[in-house]
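Dear colleague,

I am passing on a structure for you to look through, and below it I have set out what was found in it. Please keep the picture open while you read, and follow each residue as it is mentioned.

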Amino acid sequence: RTLTFIDKQFDGKVPNKLENDEVDIQFIDHINSISEKIGESIKNFKLRKAIRDIVNFGKEGNVYLNKKAPWHLIKENKDAAGHVFNICAQAVYAFERIHCQ
């Protein structure tokens, strides 16, 4: 959903960030810790926990996206909507950073 919206509304380029509010900060903190948490579970063969954490993180991303409602925000402030999708793009990227060393 995030990448499709960025492709359609921002010509496939991740939009710029603006100033974070408290909701953004909480979600970004989770983004920054999820890769290591899942990687650690995989490393220790706790695959059910890793999968559960992946699914829960996806749900949290949807909650964040629904709370911010950038599809409504874009009508009034495209930069603010872009900020939301910048953070969501970071969430997508977090899965690429999973390390199982």
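**Two helices side by side**

Helices H2 and H5 are roughly parallel to each other, because the angle between their axes is about 10 degrees and angles under 35 degrees count as roughly parallel. Please bear in mind from the start that this is a predicted model. Helix H2 covers residues 22–43 and helix H5 covers residues 78–96, and their axes come within 8 Å of each other. On the H2 side the residues that meet H5 are Asp 24, Phe 27, Ile 28, Ile 31, Ile 34, Ser 35 and Ile 38, while H5 brings His 83, Ile 87, Gln 90, Ala 91, Ala 94 and Phe 95. Sorted by class, the residues of this contact of H2 with H5 are nine nonpolar, three polar and one charged.

**The chain as a whole**

If you step back from that pair, you will find five helices and zero strands in the protein chain, so that, read from the N terminus, the order of elements is α-α-α-α-α. The C-alpha trace spans about 45 × 25 × 20 Å along its principal axes. The protein chain has 101 residues, of which 36% are buried, and its accessible surface comes to about 6700 Å², with 51% of that surface belonging to carbon and sulfur atoms. Among the contacts with a separation of 6 or more, 72% are between residues 24 or more positions apart.

**A second pair of helices**

Which way do H3 and H5 run relative to each other, roughly parallel or roughly antiparallel? They pack at an angle of about 175 degrees, with their axes 11 Å apart, and H3 and H5 are therefore roughly antiparallel to each other. From H3 the contact takes Ile 54, Phe 57, Tyr 64, Leu 65 and Lys 68, and from H5 it takes Val 84, Phe 85, Ile 87, Cys 88, Ala 91 and Phe 95. By class, this contact of H3 with H5 has 10 nonpolar, no polar and one charged residues.

In soluble globular proteins, nonpolar side chains tend to be buried together. In this model the largest nonpolar core holds 21 residues, and the members that touch the most other members are Phe 27, Ile 31, Phe 57, Tyr 64 and Ile 87. Two or more residues of this core come from each of helix H1 (2–9), H2, helix H3 (47–68) and H5, and the largest share, eight residues, comes from H5.

**Residues to look at one by one**

Asn 86 lies in helix H5 and is buried, with a relative accessible area of 10%. Not counting residues up to four places away in sequence, Asn 86 touches Val 14, Pro 15, Asn 16 and Lys 17. Leu 3, in helix H1, is exposed, with a relative accessible area of 51%. Although Leu 3 and Asn 86 are 83 residues apart along the chain, their C-alpha atoms are separated by 10.0 Å.

Trp 71 is found in helix H4, which covers residues 70–76, and is partly exposed, with a relative accessible area of 31%. Apart from its neighbours within four places in sequence, Trp 71 is in contact with Arg 1, Phe 5, Leu 65 and Asn 66. Trp 71 and Ala 81 are 10 residues apart in sequence, and from C-alpha to C-alpha they are 7.3 Å apart in space.

Finally, please look at two loop residues. Asp 11, in the loop between H1 and H2, has a positive phi of about 55 degrees although it is not a glycine, and Asp 11 is exposed, with a relative accessible area of 65%. Phe 45, in the loop between H2 and H3, likewise has a positive phi, of about 60 degrees, and is not a glycine; at 73% relative accessibility, Phe 45 counts as exposed.

With best wishes

Terms used. Residues numbered from 1 in each chain as written. Predicted model: local features only at pLDDT ≥ 70, side-chain atom pairs only at ≥ 80, totals over all residues. Heavy atoms only, no water. Axes fitted to C-alpha atoms, helices over the stretch in contact; angles between N-to-C directions. Helix = DSSP H or I, 4+ residues; strand = E, 2+ residues; numbered from the N terminus. Parallel < 35°, antiparallel > 145°, perpendicular 65-115°, else oblique. Contact = heavy atoms within 4.5 Å. Nonpolar A, V, L, I, M, F, W, Y, C, P; charged D, E, K, R; others polar. Buried < 20%, exposed > 50% of the residue type's maximum accessible area, 1.4 Å probe, protein only. Areas by Shrake-Rupley, 256 points an atom, 1.4 Å probe, with all protein chains shown as cover. Core = buried A, V, L, I, M, F, W, Y, C linked by side-chain atoms within 4.5 Å.
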